[in-house]
Amino acid sequence: MPKGRLGTIAGAIFRVTALFGMACLFGAGLVTVIDVGLRFVGGAIPGAVDLVQLLILATAFTAIPFAFFRDGHVSVDLVTQAFPDRVQAFLAVLTALAALGLMALILWYGWGAAQMQMMFGDVSQNLRIPMIWYWAPLLAGSGLSILACLFALWAAVVSFLFPSTGLHRG
């Protein structure tokens with residue numbers, strides 16, 4: 001995790017978005033449980049599917065930046081842990097670049113799709129929630145993930161150039 005004032009501020013922002021994502025996941029679970037419970041007595045939550053889809057989408061994309069920032073994604077380092085520090089740092093640079101590219105593509109294509117749905121005025125099927133609300137967490141999370149990937153890239157480059165800093169994985 002990057003150190004310094006900027007790293008601390010970014011870490012706090014990523015932590016808040018991850019907590020928001022956890023709240024969305026809790027909300028999706030709560031809506032689902034209540035909806036299922038109400039079905040036993042002949043009721044239901046109107047638009048439960050719309051709500052759960054929105055909350056699950058928000059869960060994923062608001063938690064991803066924190067995982068990039070904390071190097072918390074699942075990895076299998078059974079083989080790479082035996083590599084020298086410099087090789088591990090180089091692999092961390094490649095990983096950060098790949099993640100940066102992926103998140104940039106998601107943001108780029110997501111922005112285009114969101115603009116199109118705004119232009120057509122698309123809404124969700126049951127509650128008629130404007131579809132931009134479904135795209136907002138994806139766009140915000142992708143943008144923040146790019147920032148988090150830049151922090152990871154910086155740490156990996158520093159670790160590669162100065163192996164004694166110990167900023168690499170492992």
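Modeller: Happy to! Let me start with burial: a residue is buried under 20% relative accessible area, exposed over 50% and partly exposed in between, using a 1.4 Å probe and protein chains only. This is a predicted model, where local features need pLDDT of at least 70 and side-chain atom pairs count only at pLDDT 80 or more, while totals for chains, interfaces and linings use all residues. Residues are numbered from 1 along each chain as its sequence is written, and side-chain values use heavy atoms, leaving out hydrogens and water.

With that in place, Phe69 counts as buried because its relative accessibility is 4%. Phe151, at 11%, therefore counts as buried too.

Now the rings. Rings of Phe, Tyr and Trp (its six-membered ring) pair if their centres lie within 6.5 Å; planes under 30 degrees apart are stacked, over 60 edge-to-face, and the rest tilted. A search of the whole structure gives three aromatic pairs. In one of them, Phe14 and Phe69 have ring centres 5.0 Å apart and planes at 55°, so this pair is tilted. It links distant parts of the chain, with Phe14 in helix α1 (residues 5-39) and Phe69 in helix α2 (residues 48-69), 55 residues apart. Helices here are DSSP runs of H or I with at least four residues, numbered from the N terminus. Both Phe14 and Phe69 are buried.

Phe69 also pairs with Phe151: the centres are 5.5 Å apart and the planes at 90°, so this pair is edge-to-face. Here Phe69 in α2 is linked to Phe151 in helix α4 (residues 132-161), 82 residues away. Together, Phe14, Phe69 and Phe151 form one aromatic cluster.

What about the surroundings? A nonpolar core is a set of buried Ala, Val, Leu, Ile, Met, Phe, Trp, Tyr and Cys residues joined through side-chain atoms within 4.5 Å. The largest such core has 21 residues, of which Phe14, Phe68, Phe69, Met103 and Cys149 touch the most other members. Each of α1, α2, α3 (85-120) and α4 supplies at least two residues of this core, and α4 gives the most, with nine.

As for α1, its buried residues include Phe14, Ala18 and Val31, and what covers the buried residues of α1 includes α2 and α4.

Terms used:
Contact = heavy atoms within 4.5 Å.
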